[in-house]
Each structure stands twice: as C-alpha cells, then as structure tokens.
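Here is a short briefing to read alongside the structure. Take a look at the model first, and then we can walk through it together.

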Protein chains: 2
Amino acid sequence: MSRITALTVRQEARRRRILDASTRLAAGGGFDAVQMREVAEESGVALGTLYRYFPSKIHLLVAVMQDQLGQLHDTLRDRPLTASSPGERVAETLLRAFRALQREPLLADAMVRAVIFADRSVRAEVDTVSVLTRAIILDAMRLGAEPSPDLLSAIRVVEHTWHATLVSWLADRSPVDQVREDLRTACRLIPPGLPG
Amino acid sequence: MSRITALTVRQEARRRRILDASTRLAAGGGFDAVQMREVAEESGVALGTLYRYFPSKIHLLVAVMQDQLGQLHDTLRDRPLTASSPGERVAETLLRAFRALQREPLLADAMVRAVIFADRSVRAEVDTVSVLTRAIILDAMRLGAEPSPDLLSAIRVVEHTWHATLVSWLADRSPVDQVREDLRTACRLIPPGLPG
DNA sequence: ATCGAGTCTGAAACTTGTTCTAGATTAGCG
DNA sequence: CGCTAATCTAGAACAAGTTTCAGACTCGAT
C-alpha cells in the first residue's frame, strides 16, 4: 500500500515538476519558448516520459492553463466583489483576471494560444478549462437558481469574448483599454435582475 | 512597359496558383494538410519562392482567408437581407456566412486556426481580415451615420464571438445549434434603432 | 544584343514537435 | 527475496516548417 502511494507520489512530483518548468519557460518567452526537449530537461525527465504524461505540447500547455485557472479561482474567491448587478460583477471579475494576465503576458500567450489552437484530440482537457472559466463567471454572478438557456448563451458569449479579446491583445492588435471596454460590453448581455 | 506588365502578370499568376493550391489542400484536409512542400509542388513553384510570396504558413493561410472573405462579401452583397433591425440583419448575415463555412469545414479549419494563431508578425494581414469582416457586418447594418464608440465596441464583441464560436465549433466543442444561438445572442448587443 | 539586378529553382540543412527502441529501473506480488 | 509488468531513460529517427545557397533565368535598361 505504501508502495502504491510512493509511486503515485513520485509520479505526482514528476507531473508537478513538468508543469512548473513549463510555466517558467512560458513566462519567460511565451508559446515558442516552451520547447519539449527543454521542458524535459528542466524537469529532470526523459523526453519520452514527458510525452507519456502529456501527449502533446498543446496538452501540456492546456494543463498549465487548468493549473493557473485553479489558482486564479482561489485568489478571486478571497476578495469580495463590490458591484451590485451580476453583469457588473462578472465584468469586475474578468477585468481582475485580465490584470493578472497582464503581469505575465508571455505566460498568457502560451496558455491562450494553446487553448484556442487545440483540436479535437484535446477536447476533454479544453472542456475542463471551459468549465473552470464558467465556474468563475457563475461564482461572480451569485445566481439564486439554475441559469436559463438564454442566460447560458449570454455566458458563453462572454466567455468567447474573453478568449477572443485576449487573442487580439496578445497579437498586439487590441490595446488594453479596448480589451477592457469590450469585456464590459459583452457583460451587458447579462441582465441586471437575478434571473433563475 | 509591356515587360513590367508581363512580370507582374506572371507573378500574379504564381500567387494565384499558390492560393488556389492552398485552398484546395485546406479544403481536403484542414490546417495540417496544407504542407508547404506540397503547396509548392502543386502550384509549380520552388519552396523558396513560396516563402518569398508568403513568409510563413500562417501568412499563407491568412491570405487564403482574405481571399475567401472577399468572395463571401461579393456573394452576400447580391442577396438582400430580410430582417428589419440592424442586429437581426447582422445575425442573418453571420448565419449565412456560417452556413457557407459548414459546406467546407476543413477549409474553415485551416483559415480560422491560422488567423487566431497568428502572432505579431502577421499583424497587418490579420488586421485586413478584421477590416473585411467588419465591413461585412457594417454593410449588413446599413447605418445612416458614423457608429458611436459604444456601437463599435458592440461590433467588436460580435466579431470576437464570431471567431471564438467558430473555433469552438471546429474543435467539436460546440454543436451547430449552439453556434447559431450564440451568434444571435451576441447580436442582441446591437441596438434596434439606427444610431449614428 | 547584352548587362546587371532581381527572381526563381532544386536541393540540402536546420529546428522543433513527435515517435520509436533497447536497455535500466521501479513497483507490487507471491 | 525474486518475478513480472509497468515505467523511465538516453538517444536515434522521423516529420514538417523554415532557412540557406549556388546556379539558372527573366526583366528592364542601355
């Protein structure tokens, strides 16, 4: 039994080292700087092992995104939101998240481009990212009841806008102010009342 | 003088052959099937020449997108829109465009993934795509005056939703009906009156 | 008709993501 | 402890995007 644990522990540690190395490399040079050989070397793992843990560079970076989203979710949970309507709270939350990304733009580059470039083979992992993102948005809304289909669609549009504005910002095609404005605009789709 | 024309004509022809070959390959197998060596061979051009015309695979596919958007714009111009409000006309237009993409999903895959994956080095070309897309949206709105900043932001959100829903659809993470619903939802941001 | 600049070709080389292999190590079991 | 399967390692090999280079060709001008 202790051996099972030991195995899992070592493997868990390997996985962590890989994710940390990737995060570090990404923060240092963006998507292109995360090179599989270097990730393997930095995390003290053979290339083949890296590929056993993460079947592609995209899988790896999507996992980094999951990791970061989890941390973000925790951070956001601590600080209360001040806005009074659900839409405004969502906007506030996204602007906070955006501020966090601005601190590590190259890390954001690596993660966001991986998520949007991901194809069918990464479906499950990207879905997880989507669920996490939506959880953050729903948290901010503080709904009393199940969201209606219309509201769900509005939330998806907010999420889409979130991704696409980031892409546009990362490629230097949208200034920061425009990103902020567009995020707020998208949040106007969320009705001010607290619908179920 | 005739020589200048002759040169330009031959070069124009080469460029066209390259774009056509890329389009064909993309339609046949999506982003991955557009392989630079094969594009070069199919268009009867050396690899180095291909790279002289289009400095990267992304540049090439973004040019294909420009090409297709131009054709789409022409097609759309012919058939009149029936909806009465600007937002509904935009929705109608995007749904038509989406229907067109559904006919060639693999071509859509190649183009859309190139556009969203493009980095700073492709800024100018992607901006052109953005301008073309916005022109299609603005055409559908039939504005009487210059759009206000708020309206411009709403249009950008519609455009962002357009891109992100496509990405999600292409990766098999959103069903067609959801794409349609979300496009309509985003278009609700465009006010029913005809604001300047 | 010929020259010089710019362009095109064909092929090799380089980079980085991905796969494969043979042998060492580790885990869990009897 | 000793066995077996799974895992890990080092390193070669492969695939596709990109770069490079020497030589041939084309253009436009003289």
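This is a predicted model: local features need pLDDT of at least 70, side-chain atom pairs count only at pLDDT 80 or more; totals for chains, interfaces and linings use all residues.

**A residue to start with**

**Around Arg99(A)**

- Arg99(A) sits in helix 5 of chain A, which covers residues 86-103.
- Along the chain, Arg99(A) and Arg180(A) are 81 residues apart, and 9.8 Å separates their C-alpha atoms.

**Extent of the interface**

- Chain A and chain B each bring residues to the contact: 34 residues from chain A and 34 residues from chain B.
- About 3,200 Å² is buried between the two chains, with 52% of that area given by carbon and sulfur atoms.
- Of the area that chain B buries against chain A, 20% is supplied by Phe117(B), His160(B) and Arg173(B), more than by any other three residues.

**Charged and polar pairs**

- The rule finds 8 salt bridges across the interface of chain B and chain A.
- Asp172(A) and Arg123(B) meet through their side chains in a salt bridge, at 3.8 Å from N to O.
- Between chain B and chain A, 12 residue pairs are in polar contact.

**The chain B side**

- Helix 6 (105-117), helix 7 (123-141), helix 8 (149-170) and helix 9 (176-187) of chain B are the elements that each give two or more residues to the side touching chain A.
- Helix 8 of chain B provides the largest share of that side, with 13 residues.
- By class, the side of chain B that touches chain A holds 15 nonpolar, 12 charged and 7 polar residues.

Methods. Residues are numbered from 1 along each chain as its sequence is written. Chains are lettered from A and ligands numbered from 1 in the order in which they are written. Side-chain values use heavy atoms; hydrogens and water are left out. Contact means heavy atoms within 4.5 Å. Buried area is the accessible area (1.4 Å probe) that two parts lose on being put together, summed over both. A salt bridge is a side-chain nitrogen of Lys or Arg within 4 Å of a carboxyl oxygen of Asp or Glu. A polar contact is a pair of N or O atoms within 3.5 Å; within protein, one must be able to donate a hydrogen and the other to accept it, and residues adjacent in sequence count only if both atoms are side-chain atoms. Helices (H or I, at least four residues) and strands (E, at least two) are DSSP runs, numbered from the N terminus. Ala, Val, Leu, Ile, Met, Phe, Trp, Tyr, Cys and Pro count as nonpolar, Asp, Glu, Lys and Arg as charged, and the others, Gly among them, as polar.
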